[in-house]
Amino acid sequence: MQGVLTGFAVIAVVIAVGYAIGRRGYLGDQGREVLTKLAFHVASPALLFTTLAQTDLSVIFSSRLLVTALSTAAAAGVFVAVGVVRRWGVGRTTIGALCSSYVNSGNLGIPIAVYVLGDASLVAPVLLFQLVGVTPVALTILDLSGKGEKGPLWRRLLTPLRNPIAVGSLAGVAVSATGLRIPAPVLDPLTLIGGMSVPAVLLAFGISLCGSTMPGRGPDRLPVFLSVALKSFGQPAAAWALAAGVFGLRGAPLLDVVVTSALPAAQNLYTYASSYRVAERLARDSILLSTVISVPVLVVVAALLG
């Protein structure tokens, strides 16, 4: 329980600093946009590359990852189905589906894995799955659904290779798979740059809260509440049902997959929405509400299964 509260306290403080910066106007009118672009185009690709390049890819072959993948698909699938029926559009439906299923496995998942699960490496399969599988697909959809996106089929198929997040992820996987050893003079600067990613994302998120209305209001009210319900309750429930009922997981393995599935929506989803200028309020409100709600959810999960 202490690990859950510690992880959330760290995130809350950094977001609060971002809010204070926005209120004071220290970074000017373009501060949020600059931080978002810094994270999306420079820091996040560096972080993903250095993380994946040093990760043992054998962790992806496990029943725990399969549970994560299936529960992710279930939560996202429900949102997509509703989005199609309600005609929310490709961009908003894609962001909403991500907010319904893409967990904060990095800046929140790591401290919670350490303090609650006792092993930081347990979030590696989730991180790999989201970075290598979910992120390139989602960003490709956003790229192809953008205004004026035309051209031959081969150019569209190569869309992920023009996205810095996808490039950083795939390059890291390639290095890990080939067993290449990156020299320290090359790796250390990338690690230093990547260290800016999480703070930049959280600060930009805090700045975005300045002058904003209460979450869950306006035209995005239904998508916000649906994504928060799916992320906070639907995905962990699906993970528990699959892990215990289908794969027969018990004890620590069961706790691992349910806790990781109960993590809130990742802050970098707001970076994606902001970068593509689509469903920004939906992303911001969903992340904020799911983060608040996930505190009691994670406490209950840890108490029941721990």
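Me: What share of the 306 residues in the chain is buried?

Reply: Buried residues make up 50% of the chain's 306 residues. This is a predicted model, so every value is computed from predicted atoms.

Me: What makes F40 count as buried?

Reply: Its relative accessible area. F40 has 5%. Buried means under 20%. The value 5% is under that cut-off, so F40 is buried.

Me: Why is Y276 called partly exposed?

Reply: Y276 has a relative accessible area of 22%. Buried needs under 20%, and exposed needs over 50%. The value 22% lies in between, so Y276 is partly exposed.

Me: How do you know that F40 and Y276 form an aromatic pair?

Reply: Check the ring centres. They are 6.2 Å apart. Rings pair if their centres lie within 6.5 Å. The distance meets that limit, so F40 and Y276 pair.

Me: Why is that pair of F40 and Y276 edge-to-face?

Reply: Look at the planes. The angle between them is 90°. Over 60 degrees counts as edge-to-face.

Me: What makes F40 and Y276 a link between distant parts of the chain?

Reply: Their places in the sequence. F40 sits in helix α2, residues 31–53. Y276 sits in helix α13, residues 268–276.

Me: Why is the pair of F79 and W88 called tilted?

Reply: The planes of F79 and W88 stand at 45°. Under 30 degrees would be stacked, and over 60 would be edge-to-face. The angle 45° falls between, so the pair is tilted. The ring centres are 5.4 Å apart. The structure holds four aromatic pairs.

Me: Are F79 and W88 buried or exposed, and how do you know?

Reply: F79 has a relative accessible area of 0%. W88 has 10%. Each value is under 20%, so both residues are buried.

Me: Which residues lie nearest the centre of the second largest pocket?

Reply: A76, A97, V137, A138 and I141 do. The lining has 17 residues. Helices α3, α4 and α6 each give two or more of them. The pocket's volume is about 260 Å³.

Me: What kinds of residue make up the lining of the second largest pocket?

Reply: Twelve are nonpolar, five are polar and none is charged. Ala, Val and Ile count as nonpolar. Therefore A76, V137 and I141 are nonpolar.

Definitions and conventions: Residues numbered from 1 in each chain as written. Predicted model: local features only at pLDDT ≥ 70, side-chain atom pairs only at ≥ 80, totals over all residues. Heavy atoms only, no water. Buried < 20%, exposed > 50% of the residue type's maximum accessible area, 1.4 Å probe, protein only. 1 Å grid on protein atoms, 1.4 Å probe; cavity = no way out; pocket = protein on both sides within 12 Å on 5 of 7 lines; lining within 4 Å. Points joined across faces, edges and corners; volume = space filled by probe spheres on them. Helix = DSSP H or I, 4+ residues; strand = E, 2+ residues; numbered from the N terminus. Phe/Tyr/Trp six-rings, centres within 6.5 Å; stacked < 30°, edge-to-face > 60°.
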